[in-house]
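The stops below are given in the order to select them.

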Amino acid sequence: MSQNFYAVLSRMKYITRWALMRNTRPENICEHSYDVAVLAHALAVLTNRRFGGKVDEGRCVLLALYHDAPEILTGDMPTPVKYDNPAIRDAYKQVEEVSAGKLLSMLPEDLQPDYKTLFFPGDAFKEEKKLVKAADKLSALIKCVEELRQGNREFQSARRSTEAAIRAMGLPAADCFLEEFLPAYELTLDEQS
């Protein structure tokens, strides 16, 4: 019997983000998930090292890698549409849960328990989920910075609202990242070196 789970996951590279925005460079959910995983790891390390946290850094990375996997089946819902109306937000959340269940069912039964907590983390990894959410927003903010550096003013409003949303989360590691690491994304390669 053919197992489709990993082949279906590989299709993340075909799902584009920022569908309502003109992009100087398209972004797909596969590369976005990698970026979120790197950022979630950074936030977890900062939380543990500088702010006395005890979060599971590896769990943050895994949750980040799979956080948008349900979008393989649903597509990426643009943020303004997804969050503008509570009814749409709640309905889309249900659609994502059905999609996550469908993906989970594509695994052999003996592997499903290992992936279930990635698709349905519940309350067991509350702090890790917060950091992944912040990392997701940081990834969006970095995309805005990159687009603005290319002269694409389409991302001005998104940058302001995304940065405000990150600050409103009240996560010391995210605030630290904004102050200490985000400015480097404004630099050229020569300036970064």
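Is Lys133 buried, partly exposed or exposed? Lys133 counts as partly exposed because its relative accessibility is 34%; buried means under 20% relative accessible area, exposed over 50%, and partly exposed in between (1.4 Å probe, protein chains only). This is a predicted model, in which local features need pLDDT of at least 70 and side-chain atom pairs count only at pLDDT 80 or more, while totals for chains, interfaces and linings use all residues. Residues are numbered from 1 along each chain as its sequence is written, and side-chain values use heavy atoms, with hydrogens and water left out.

Stay on Lys133 and show helix H8 (residues 126–149), where Lys133 is found; helices are DSSP runs of H or I, at least four residues, numbered from the N terminus. H8 has 24 residues. Follow H8 to its end: Gly151 comes after the helix and has a positive phi, near 85°.

Next, select Lys143 and Glu147, whose side chains form a salt bridge at 2.7 Å, N to O (a side-chain nitrogen of Lys or Arg within 4 Å of a carboxyl oxygen of Asp or Glu). The two are about one helical turn apart because they lie four residues apart in H8. Both Lys143 and Glu147 are buried.

Move to helix H9 (residues 156–168) and select Arg159 and Glu163. Their salt bridge has its closest N and O atoms 3.8 Å apart. Salt bridges with shared partners join Arg159, Glu163, Arg167, Glu179 and Glu186 into one network.

Finish at Trp18, in the loop between helix H1 (5–9) and helix H2 (29–50). Its phi is positive, near 60°, in a residue other than glycine. Trp18 counts as buried, at 16% relative accessibility.

Note on methods
The expected span of a helix is 1.5 Å times one less than its number of residues.
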